[in-house]
Amino acid sequence: MMTTWMWFSRRFGSKYFNHRLKCRKRWLLSRNARELCRVEPLEQRHLMAVVVPAYEITNQWGNEFEARITLTNVDVQPVNDWMLSFDYAASITDVWGATLVSNDGGRYVIANEGWNNDLETGRSLVFHLLGSTNIHATEIDAPTNYAINGKAVGDETNNSTPLAGDIPPLGEEGGDSPSNSNTDRFQVGFHRLRDWGEAFVGEITLTNHSSGVLTGWEISFDFTGGIDSLWNARLVNASGPRYTVRAPAWNQDLAAGGTVTIRFQATPEQEGVVPRAFVISGVCDGPLIQSNQDFQAPSKLQRPSIQPIADTIDGHGVVYAVGALQEDIQEFDPTVDRLDFGSHSARTVTLAKNEQGKVAFINPWTQKASFHVLSNVSCSDLTVDNFFPLDNEHLRQDIGGVLSWERRVGPRDLDTIYVRSHEVGVHERIEGFDPTSMKISLLYFGSRDRLFVEDTDEGLLISSEIAGQSILLVGVSKASLVGNNIEFHHDQVVESRLFVPFGFHADDVAIVSRDML
């Protein structure tokens, strides 16, 4: 007669059979209760998933739609540097809250954006995607065959195995752990993620191979160059070539077996320079591990500096490349010269004017504003001809909003507060705003990211973190706002969802035309 275990083994394979045997053995040892030894029902096997994805269509317009994917970590360990892959029949055209890495025949790979690098135990994170199909959006099937960091959801094997193409950490440093065991070890590594000659994006990984917790971790190192921005850590000291970074408030302790990943954008003083002479310590009671090893830099990706070229469209003037890493332009002539944005989008560059009133292009994601300046030109001097051609639609809209404000094109209603994002360091204080009869408009708002709306002791603070610009509505709170008195243009609502910081739904706010801009 075939036993229950034999039936399960033939029906579901040795992998499932072995897993159930391990579970059964652990149960016996912990409970010491032979009468409870029985196979768990098959429908509970989903509990082996490290991360549980949830998919939902939130908006739809015929064949186009917006969807939300929620990742929940149900494991007892955090998931570091998460990357999600899945099969999907729809075409994904945009993603926010994550990065679209690739699409290979309907197999999508989506990764974190750095700031949401780690998914802690018991926590969830959300990202949104915009897509289209050749059928009605309600008929599209949900994504299938999810995998987290290369491991299928439901696979009980280690989820931290790197995907093909990942560069493993370099070098190891040994030392005493918090428990003073001489066999405990720590590992630190560095490699470049992107390199374009005058700058690079690098990654430092720190892994705790000890049996204790590294409390309040801190890393210092030598680097002859400038660090322009930093993710997943705090820069606490920079003295000459010596930098010190420390754990962020939300990720203070490095558990046994855990890894933290720090990413930064840097400008080296000379080619081939990389961080070296790492010292790892715990701010409270952690060990001190010092390394004199110099890491060998991988082969560098070459991207030549873009020089101004003669304008071939009308034969007059010069075309200048735009980018935060380009040198400032000293002799731009707005009557004949043009600006080339290349592959830039509204997510990678923002038009602004600096505190001297000159045109500045800003990288939206640097902690300290990185400017590419037209030193002799004001925003009001520019026209649309200086930006032709401009292929990215969102960037075109955002630049149009800035130019319209500066050239006084478009409405200027007395009962409306116009929120802007391009005037570096400008802070306005508005008294007497009546939410029941007055309006807030983002018609001229020139950015798609890092908009904050928060209640303060004095009133409602609306700020654009990219340019450090804000408006304070004295005596007003979020709860007192009326949704349909907040105005956006179409793409700010449908695609960029700028209504979210105000606490409203897309159906609550007003959409105004930008045709006059």
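Residues 24 or more positions apart account for 60% of the contacts (heavy atoms within 4.5 Å) in the chain that have a separation of 6 or more. This is a predicted model, in which local features need pLDDT of at least 70 and side-chain atom pairs count only at pLDDT 80 or more, whereas totals for chains, interfaces and linings use all residues. Residues are numbered from 1 along each chain as its sequence is written, and side-chain values use heavy atoms, with hydrogens and water left out.

**Overall make-up**
- The chain has three helices and 33 strands, taken as DSSP runs numbered from the N terminus (helices H or I, at least four residues; strands E, at least two).
- Of the 517 residues, 46% are buried, meaning under 20% relative accessible area with a 1.4 Å probe and protein chains only.

- Strand 24 (residues 358–362) has four of its five residues buried, and it runs antiparallel to strand 23 (residues 350–353), joined by four bridges (pairing requires at least two DSSP bridges).
- Ala352 stands opposite Ala360 of strand 24, and Gly357, in the hairpin of strands 23 and 24, takes a positive phi near 85°.
- Strand 24 is also joined to the antiparallel strand 25 (residues 371–378) by five bridges, with Phe371 as the bridge partner of Ile362.

Notes. Buried means under 20% relative accessible area, exposed over 50%, partly exposed in between (1.4 Å probe, protein chains only).
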